[in-house]
Structures are given as structure tokens and as C-alpha cells.
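Please open the model in your viewer and keep the selection panel at hand.

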Amino acid sequence: KTDENAHPHTDSSGKIALVHNGTLTNANELRRMLQQEGHTFTSQTDTEVIVKLVGKYYAEGVCSLKEATEKALKLCDGTWGLGI
């Protein structure tokens, strides 16, 4: 384990922090999608993938944090518990 992989992780704006316990089975696919959109990652964790995805939808400015989280989780496969 490294400091880069320690919780919490933040979205690209640094405004949303998230801790997570569980497994995101499609993390690599979602990471690649987000990287193609210009998001950068500082860790290898699936937690960071989830928070970047939540932040992406929240940054659009058309939904609440709760709604952005719900949109993000619709793309996620796996099991988890989140603290945002």
C-alpha cells in the first residue's frame, strides 16, 4: 500500500472526497473512458475511478451531488459501500 492509494480520493476539481470499501469490477474500462476525457489519476484504486465519475457528472452543473452519484453508480459493476 502507498500514500497515493490511501483514502480519501478526490474528484478532478478537488471538491468531492470519497472513501470506498468493495470492488469495482469494471474499473479499468471506466478509468480509460475518463482518461480519454482528460481526467488524470494519481492512484491505481477503483475508489478514485468512482469519485472521478461522480465529479464528472456533478461538474456538468445540472444535478445535485446525490443525483451525480446515482448517475455514476449506474455505470459501475461490483459491490461496495461509499462515504462521500
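**The helix pair**

Select residues 27-36, helix α1, together with residues 46-59, helix α2: the two pack at an angle of about 45°, with their axes 10 Å apart. Helices here are DSSP runs of H or I with at least four residues, numbered from the N terminus, and the axes are lines fitted to C-alpha atoms over the stretch in contact, with angles running from 0 to 180 degrees between N-to-C directions. This is a predicted model, in which local features need pLDDT of at least 70 and side-chain atom pairs count only at pLDDT 80 or more, while totals for chains, interfaces and linings use all residues. Residues are numbered from 1 along each chain as its sequence is written, and side-chain values use heavy atoms, with hydrogens and water left out.

The angle makes α1 oblique to α2, a class that remains once angles under 35 degrees (roughly parallel), over 145 (roughly antiparallel) and 65 to 115 (roughly perpendicular) are set aside.

Next, show the side chains of A27, L30, R31, M33 and L34 in α1, which meet D46, V49, K52, L53 and K56 in α2; contact means heavy atoms within 4.5 Å.

For C63 the nearest cysteine sulfur is that of C76, 14 Å away. C63 is buried, with a relative accessible area of 15%, and C76 is buried at 8% relative accessibility, where buried means under 20% relative accessible area (1.4 Å probe, protein chains only), exposed over 50% and partly exposed in between.

Technical notes. Disulfide = S-S within 2.5 Å.
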